[in-house]
Amino acid sequence: MATSESPAVRRRDGVAVIDLAGDVNRGAEDALDAAWQQAVAEPPDAVVLNFESAGYINSTGIAVIVGLLARARAAGIEVRAYGLTPHYREIFEITRLADFMAINPDEDSAVSGAEGSRDA
Amino acid sequence: MTGSLTKTFRRRLRRTPAEEHAVEETPATGADEAAPIDIAPNDPLLAFLQSATGAVDVEALELDSPALAELKAAGVKLAVPLVSQGELIGVLNLGPRLSEQEYSSDDRKLLDNLAAQAAPALRVGQLVRQQQAEAITRQRFEQELEVAKLIQQNFLPKQLPELSGWQVAAYYRPAREVGGDFYDVIPLPEGKVGFVVGDVTDKGVPAALVMAATRSVLRASAQRLVNPGETLERVNEHLCPDMPEKMFVTCLYGVLDPETGHFRFANAGHDLPYVKTADGSEELRARGMPLGLMPGMPYEEKETVLQPGDSLLLHSDGIVEAHSPEREMFGFPRLKQCVADYPGGGELIDRVLSDLHAHTGPDAEQEDDITMVTLQRSPGAAHMANGAVPAAELVTEFEVPSAEGNERLAIERVVAAIDGLGIAESRLERLKTAVGEATMNAMEHGSRYREDRPVSIRVLTGDGLVRVQITDLGGARPEKEHEVPDLEAKLEGLQRPRGWGLFLIENMVDETRETSDGEHHTLELGLRLEGGNDGDE
């Protein structure tokens, strides 16, 4: 069974970076929730999701990310992402997740929010 | 313990050297050499010596004992029992004194003291020697097993042939003691292929050597002779003169014509193969004696035609003769049922093994070698002689138990099956996502994650498409409304966050088709091998 490892949370230039590890699916929900709590404990300028070490992402994982985005919107926190493979980047576009979460090519651009931002 | 240690005591006469050089064949009559005297386990002398408190005057002893009579005849005067920890481990036998006087009480005391000290030392020596012998036996046994395994493995096919329109799979697992199972797949003239499954009686190195010889003779004969019956006759003639006593070989040999599905076979006393047809499963019978028993044996030859969709299982007795903890054999009827119930090919092997392990229990040691060779003809794939690709060719067919996470298994097997079709990486990724989502849906909605309601998956190619059919047992479920996920609504909490599965599937592949027959529900995914639906990249 695919279960996700607990993502690590670190801060960089006032931005909280959540390093996802392992599969992103239903089983990742609790761990990602905990990471989110940690990331916003001290309000960050933005939250960046790092998918570089993420594995298989399925529809239940997308639902988990949707839930996270909903909380971010309610709290008025911007979410950005980087490290997606072309395939998952395509999925984020098809599902329009990319409309609500800037997809960046690397960590630097994701942290600075310099590029990839879209109108939400 | 007592029996084995006290069976043979050595008779000692005067002036016997400390280190024995017993010549067991020649009885010592007045010579310096000692010969062993056997004391039978039920001889009363044994009990007497065991309980004696010291040196025993042999001439004065009256017992109905063959060993005592032998001692007397050999001129033994005194027998001093060597007892260690209450166990009689030897006897010191003495002839008359050199002075021809009787043994004095001092002599006896000295001998008793000597015996008391010698016995434990002798016992230690015996134990050390026994352990050394056991260690050597064990080591030799392990080495033999290694050699036997090496021979076996060297003579099994390194790879199986790829036959268009056919799926060939094989499984071989030796028991710890390495039986004499073997199998072989032999390329023959005119595109035909020979299939062999055999079993040599006996185990270990002797069985492995006979197996190697049989395989070589069979390979050589098969090339020269067309008919399997004749081939087995020839092999039997070759093997008979040199076959070790009480050994023989059972063997099923069949020749497949992949073009037509004709399977011509002969059987040298081997377990009958099973063929799965549209009507269930049946044995393929042909008469013949095992190889190596008697020269001049005829081998009946039979033929069957494997129709598209049929599959064949050749096997060894390690499966049917495996026992449950209650000592019930797996048995032929159960194996026959497996063939009838399960898909063919590699999937059949997996399912039989899983049933077998359920039968024997998880901790059982494998009793005998297990060998299976399966041969499956793709359904609807009448092979075309001109090499054209048939309209739809079954690439693989398998089942996954409905358990969370098993969509990964489905993905892996589909990917492995279509490896080599040259599908671009990006399109392969899409298919993987679609297969994963469709399998998850089938396991969840069709099978409610019950492992006894597996999801079956078929992969077909043809018309420039790869098609994956994912079938569950939820055919009676009400048609689900296909809600188009609206991310805004989800983010506002107006729609549940889930509900992406079908949406993803439809966006990942070129075609989808849903069918249901009241019992089964199938979702077919179609992905073009090249191009299409790639526009946004």
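Predicted model: local features only at pLDDT ≥ 70, side-chain atom pairs only at ≥ 80, totals over all residues.
## Where the two chains meet

Let's start at the place where chain A touches chain B. The contact draws on 23 residues from chain A and 28 residues from chain B. Putting the two chains together buries about 2,300 Å², and carbon and sulfur atoms account for 60% of that area.

Five salt bridges cross the interface of chain A and chain B, and seven residue pairs are in polar contact between the two chains, both partners having pLDDT of 80 or more. On the side of chain A that touches chain B, the elements giving two or more residues are α2, α3 (86-94) and α4 (97-100) of chain A. The largest share of that side comes from α2(A), with eight residues.

## Salt bridges up close

Over all chains, the count of salt bridges comes to 39. R408(B) sits in helix α10 (residues 407-418) of chain B while D23(A) sits in strand β2 of chain A, so this pair joins two chains.

Next come E90(A) and R430(B), whose side chains meet in a salt bridge. E90(A) belongs to helix α3 of chain A and R430(B) to helix α11 of chain B, so here again the pair joins two chains. Both E90(A) and R430(B) are buried.

Now for a pair inside chain B: E300(B) and R287(B). E300(B) is partly exposed, with a relative accessible area of 24%, and R287(B) is exposed, at 63%.

| Residue | Partner | Distance (N to O) |
|---|---|---|
| R408(B) | D23(A) | 2.5 Å |
| E90(A) | R430(B) | 2.5 Å |
| E300(B) | R287(B) | 3.7 Å |

Salt bridges can also link up into a network, as they do for R10(A), R12(A), D13(A), D19(A), E107(A) and D108(A).

## A closer look at D19(A)

One member of that network, D19(A), is found in strand β2 (residues 15-24) of chain A. Is D19(A) buried or exposed? Its relative accessible area is 17%, and the cut-off for buried is under 20%, so D19(A) counts as buried. Its side chain makes a polar contact of 2.7 Å with the side chain of N50(A). Setting aside residues up to four places away in sequence, D19(A) touches P7(A), A8(A), R10(A), N50(A) and Y82(A).

In soluble globular proteins, nonpolar side chains tend to be buried together. In this model, the largest nonpolar core has 69 residues, and those with the most contacts inside it are L49(A), F51(A), I457(B) and L525(B). Helix α2 (residues 59-75) of chain A gives the most to this core, with nine residues.

What does F51(A) touch, leaving aside its neighbours within four places in sequence? Its contacts include L20(A), I57(A), I65(A), Y82(A) and F92(A). A second, separate core has 47 residues, among them F182(B), A222(B), V235(B) and C251(B).

## Helix α3 of chain A

Helix α3(A) has several buried residues: H87(A), Y88(A), E90(A), I91(A), F92(A) and I94(A). The buried residues of this helix pack against β3 (46-57), α2, α4 and β5 (102-104) of chain A, and also against α11 (425-446) and α13 (501-508) of chain B. After the helix comes R96(A), with a positive phi near 70°.

## Two spots in chain B

Strands β11 (residues 274-277) and β12 (residues 280-283) of chain B run antiparallel and are joined by four bridges. They form a hairpin with two residues between them, and K276(B) stands opposite S281(B) in β12(B).

Finally, S324(B) lies in the loop between α7 (317-320) and α8 (332-341) of chain B. S324(B) is buried, with a relative accessible area of 5%. Leaving aside neighbours within four places in sequence, S324(B) is in contact with H359(B) and T360(B). The C-alpha atoms of S324(B) and H357(B) are separated by 9.1 Å, although the two residues are 33 residues apart along the chain.

Technical notes: Residues numbered from 1 in each chain as written. Chains lettered and ligands numbered in written order. Heavy atoms only, no water. Buried < 20%, exposed > 50% of the residue type's maximum accessible area, 1.4 Å probe, protein only. Contact = heavy atoms within 4.5 Å. Core = buried A, V, L, I, M, F, W, Y, C linked by side-chain atoms within 4.5 Å. Pairing = 2+ DSSP bridges. Buried area = accessible area lost by both parts, 1.4 Å probe. Salt bridge = Lys/Arg side-chain N within 4 Å of Asp/Glu carboxyl O. Polar contact = N/O pair within 3.5 Å; in protein donor to acceptor, adjacent residues only side chain to side chain.
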